Amino acid sequence: MKNYLAIQPEVQEAIASGKPVVALESTIISHGMPWPQNVETAIQVEETVRANGAIPATIAIFNGKCRVGLRTDQLSYFGQEKNVWKVSLRDMPYVLSQNLYGATTVAATMRIAAMAGINLFVTGGIGGVHRGAEHSMDISADLTEMGHTSVAVVSAGIKSILDIGLTLEYLETKGIPVVTIGQDELPGFYSNQSNFASPLRLDTPEQIAALLKTKWGMGLEGSVLIANPVPAHQQVPKDEIEVHIQQALEAADAQQIKGKNITPFLLKYIARHTQGESLQANIALIKNNAATGAKIAVAFAAKELEFPEEN
Amino acid sequence: MKNYLAIQPEVQEAIASGKPVVALESTIISHGMPWPQNVETAIQVEETVRANGAIPATIAIFNGKCRVGLRTDQLSYFGQEKNVWKVSLRDMPYVLSQNLYGATTVAATMRIAAMAGINLFVTGGIGGVHRGAEHSMDISADLTEMGHTSVAVVSAGIKSILDIGLTLEYLETKGIPVVTIGQDELPGFYSNQSNFASPLRLDTPEQIAALLKTKWGMGLEGSVLIANPVPAHQQVPKDEIEVHIQQALEAADAQQIKGKNITPFLLKYIARHTQGESLQANIALIKNNAATGAKIAVAFAAKELEFPEEN
Amino acid sequence: MKNYLAIQPEVQEAIASGKPVVALESTIISHGMPWPQNVETAIQVEETVRANGAIPATIAIFNGKCRVGLRTDQLSYFGQEKNVWKVSLRDMPYVLSQNLYGATTVAATMRIAAMAGINLFVTGGIGGVHRGAEHSMDISADLTEMGHTSVAVVSAGIKSILDIGLTLEYLETKGIPVVTIGQDELPGFYSNQSNFASPLRLDTPEQIAALLKTKWGMGLEGSVLIANPVPAHQQVPKDEIEVHIQQALEAADAQQIKGKNITPFLLKYIARHTQGESLQANIALIKNNAATGAKIAVAFAAKELEFPEEN
Ligand SMILES: [Mn+2]
Ligand SMILES: [Mn+2]
Ligand SMILES: [Mn+2]
């Protein structure tokens, strides 16, 4: 495993000494936002993690290794280079063995974080069950990975281009806890509403850290989906964004966009047709998640000291 | 793990010395039957397990621990208290870390049994693929858990409010053996008929113990669904019960009952509309399963002595 | 585990000394082809593996053991005997504990190969998502097994009686790499075309061995589907075979063929209605896969020596 993993010294030191570390993905940089907002956001997200007491570790693949912790010039490269693969779990061995550049999705980032010993990961929103998946069977590998890899995911909920109801059913079938912070309703990514009740609710980083500690402490492998509502003044209201999602889905259908290209296409289409309003919400929510994620990591690391593992 | 597990001394001693132990769930007490029949049945089920040579271990969650083996006053509490959570796998860390009372479903009971070292579990009927799940994706976490946790489940089949055909397909996809005792047809929970052929058939507790021993001995993780037909004189005939299931499903739809509340709602509705006939069948089948489960546990424990593990 | 596994001495010696070994299934012999072509093909496939530098190990179950490596008289028995079970994962403990004869499917063969320490397996085509599975949920256990057992499968693609598009989605959800050798299009079993782009493409046995080495070396459990197009002059063209597949599916429906009997029924029906043309293609593609699989096993074994495992 060591042959395929390269951890930045600062991150390595933090992991080894039990300091709070927050993993971050790179697909949002290369395939989720336009340049230069992607790189600016990536840098600000890392700063937000630091400002809240944790060490950021953005994850990507290049030069035959999974890289945990990127330099600013590396973030910048991933934000501009066109030949970067969008790497989900199935693509990892190909991109590594062919020595390509890979930006990691939620699934791939979780796996690499787990390999490095990081158990908290901040993203915008997770992949899930696509609209129409009852017929297309288009279901993100993120959900499979969440079923067995013990890395918690802080998000603004399930990406609202997806079918949120079906994704909740799938998460339940896989035994994955979904907990919303501070409200009873599951947030809807761009909006703090989704019309779905959250299966669980907790209100503080300490309560969430206790839940994670309990889950993994009792040997329940797998992720927890932590849903952190976007601040009300920065959201795009649910009904407003839904109109654009519908149009984006129709455009994807008309242009026969498929597979791994669908999500990047939809996000781009929606940003363009909302004059960047959706992009601003996306930037706001990921920064908000970074702050919350760092606080949970801090609370979790404190708990580690409080209750050392018994033998 | 030890921090989250509390095993009754009698049960602990039995596990440690290789005596037959049968795990029992608590959702059937708190959410599956009305008081006082629920508590009476829970006590009689434990007595039936003892009468057939095994030690019963009813499982529930309270005071921050997974409890394996309950006292009569504790069974009684779970049978009357209204604020008991129905706890599937995803709810376990929440209920434990928030210090709530939790009654465990098939999935959660299996996991706790496995943590305690118990490999046989008796229930009424398992959760599965709900009717209409081709569109709703409503599939019980019981099936996921059966795919990887090595605890055999003795049941009267798949709960007949579900889609039995789709559940059989799902079990096949997951590689989970389904074996019916003493007949070629899979039983249908309230009835000993289902109109589906059982994938496998065995006729004695010893044959089933040998199958379990072989499965786990060769490293095939996961459960075996053991389907034990309700005695003919205690069943509700298939066509008779189906009318009530259809009406109950329509009522659930009209009242927008969803998620974890569906199964308790349906069972209650059917019991009321059959003037308790379905409840009597439910009580009869769970006792019948307890007797059979204990016999299998006895045969399995005997086999353990006969063929000690090689190194 | 040892109690249930019997490895032929030549195969055992090859595994122990790191020589290339190729696992082969037995369902193709007992349920996939008519006698005598089935036995002739099984023998020629083993010869092809040897001619390309690897040791063949055909896998089947009898006398209470999983057998790795069969003698010619044993291949012949499985090719003629009528009472041989088609054994998928769920059937293994039953067939072993009841002392029956079992021919192993892709899923069961993979599992036994993994138990024996073999990581490459050659077959015709894998099972997958059946046509209409959006409603029937008929999905092969092969896909579940490929999700967690680290044995690569060399095939001519997904059996074309299945829904190839849905199977590709399912493989993506499970994180299973699909790599086609030497062309951009996924092959379609009897034909080298499928109308689906292959998720990944590599051109040499060495590249594929490097991908496998990377995947398992970094701890990514599970299979890789290696799709090896049938040679053009031996294929049945896609549109020609599709007519027969449709008729076969209609016949299966009319005769209510179900469950594990469907695939053998369809293959037989198609062979009869193409005057054996499909059978000839099937024989050609399995031999072609055997040659390619052996070359990959040779390249993988060479790589093992080159990069010994670190501690
Ligand atoms: Mn997809
Ligand atoms: Mn459900
Ligand atoms: Mn099937």
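Mentor: A residue is buried under 20% relative accessible area, exposed over 50%, and partly exposed in between (1.4 Å probe, protein chains only). This is a predicted model, in which local features need pLDDT of at least 70 and side-chain atom pairs pLDDT 80 or more, while totals for chains, interfaces and linings use all residues. Residues are numbered from 1 along each chain as written, chains are lettered from A and ligands numbered from 1 in written order, and side-chain values use heavy atoms, without hydrogens or water.

Trainee: Is A:S140 buried or exposed?

Mentor: A:S140 counts as buried because its relative accessibility is 15%. A:S140 sits in the loop between helix 7 (133-136) and helix 8 (141-148) of chain A. Helices here are DSSP runs of H or I, at least four residues, and strands are runs of E, at least two, numbered from the N terminus.

Trainee: What is A:S140 in contact with, beyond four places in sequence?

Mentor: Contact means heavy atoms within 4.5 Å. A:S140 has A:G127, A:G128 and C:T173 as such partners.

Trainee: Where is A:A141 found?

Mentor: A:A141 belongs to helix 8 of chain A. With 7% relative accessibility, A:A141 counts as buried. Setting aside residues up to four places away in sequence, A:A141 touches A:S88, A:A107, C:E172 and C:T173.

Trainee: Which residues does UniProt list for "binding site"?

Mentor: An unreviewed UniProt entry lists A:K86, A:V106, A:S140, A:A141 and A:D142. Such annotations may be inferred rather than shown by experiment. These residues spread over 57 residues of sequence, yet they cluster in space, with a largest C-alpha distance of 13.2 Å.

Trainee: How do I read the sides of a helix?

Mentor: An α-helix has 3.6 residues a turn, so residues three or four places apart point the same way. Take helix 1 (residues 9-16) of chain B, where B:V11, B:A14 and B:I15 are buried. They cover an arc of only 100° around the axis, so they lie on the same side of the helix. The arc uses directions from the helix axis to the C-beta atoms. On the other side, B:P9 and B:A16 are exposed.

Trainee: What do the buried residues of helix 1 of chain B pack against?

Mentor: Their partners in chain B are strand 1 (5-7), strand 2 (21-24), strand 3 (55-62), strand 4 (65-68) and helix 6 (106-116). After helix 1 of chain B comes B:G18, with a positive phi near 75°.

Trainee: By what turn can chain C be laid on chain B?

Mentor: A turn of 120°, with a shift of 0.0 Å along the axis, gives an RMSD of 0.0 Å. The two copies are therefore related as by a three-fold rotation axis. In chain C, C:E134 has the C-alpha nearest that axis, 3.7 Å away.

Methods:
Least-squares fit on C-alpha atoms with pLDDT ≥ 70 in both.
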